[in-house]
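Here is a short report on one structure.

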Amino acid sequence: MKNQIYIKSQKFSVEEFKQVCIHLYTMPSIAQHYGCSVSTISNKIKEVFPFLPNNQRTPIGYKLLELEGKMKCYVCKEIYSFDFYHANTRNKNGLSKECKSCSSIRATSQKKRDTNKRYSKSTAGKSN
């Protein structure tokens, strides 16, 4: 793996390029950031990270985070290690897409909605 890469005659460290890829997540947004085409970014990623799987539908940020044992929560958009996610065998990587804290908040609000629904249907909740 190289230490430096050149994009549009500008030199960047591999670590800096990796952090931009993780932060911006998708190739079009990375290309826009650097002011170049998506194919240029795709070629640079293949050059710097030749070991990454070539799945076109998976965002590059997701692939790089997965190598570090981390994932981005789909709800709060924060990056956490795999320990902060519940197991979910339906997903490709075996983890849920939302972190444990977002999952807990969602479960609590769902429980409140169910309680309110039951109360409004009961005789005590109906007013004449």
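Helix α1 (residues 14–24) packs against helix α3 (residues 38–48) at an angle of about 125°, and their axes are 12 Å apart. The model is predicted. The two helices count as oblique to each other. The crossing of α1 past α3 is left-handed. On α1, the contact is made by V14, F17 and C21. On α3, I41, K44, I45 and V48 take part. By class, this contact has six nonpolar residues, one charged residue and no polar ones.

Now the aromatic rings. The whole structure holds four aromatic pairs. Two of them are listed here.

| Pair | Centre to centre | Between the planes | Type |
|---|---|---|---|
| F12 and Y34 | 4.9 Å | 65° | edge-to-face |
| F17 and Y34 | 5.9 Å | 35° | tilted |

The pair of F12 and Y34 links distant parts of the chain. F12 sits in strand β2 (residues 10–13), Y34 in helix α2 (residues 27–34), and 22 residues separate them. F17 lies in helix α1, so its pair with Y34 in helix α2 ties together parts 17 residues apart in sequence. F12, F17 and Y34 form one aromatic cluster.

Y34 is buried at 10%. F17 is buried too, at 0%.

S122 has 26% relative accessibility, so it counts as partly exposed. S122 and V38 are 84 residues apart in sequence. In space they are 58 Å apart, C-alpha to C-alpha.

Methods. Residues numbered from 1 in each chain as written. Predicted model: local features only at pLDDT ≥ 70, side-chain atom pairs only at ≥ 80, totals over all residues. Heavy atoms only, no water. Buried < 20%, exposed > 50% of the residue type's maximum accessible area, 1.4 Å probe, protein only. Axes fitted to C-alpha atoms, helices over the stretch in contact; angles between N-to-C directions. Helix = DSSP H or I, 4+ residues; strand = E, 2+ residues; numbered from the N terminus. Parallel < 35°, antiparallel > 145°, perpendicular 65-115°, else oblique. Left-handed = near helix turned anticlockwise from the far one by under 90°. Contact = heavy atoms within 4.5 Å. Nonpolar A, V, L, I, M, F, W, Y, C, P; charged D, E, K, R; others polar. Phe/Tyr/Trp six-rings, centres within 6.5 Å; stacked < 30°, edge-to-face > 60°.
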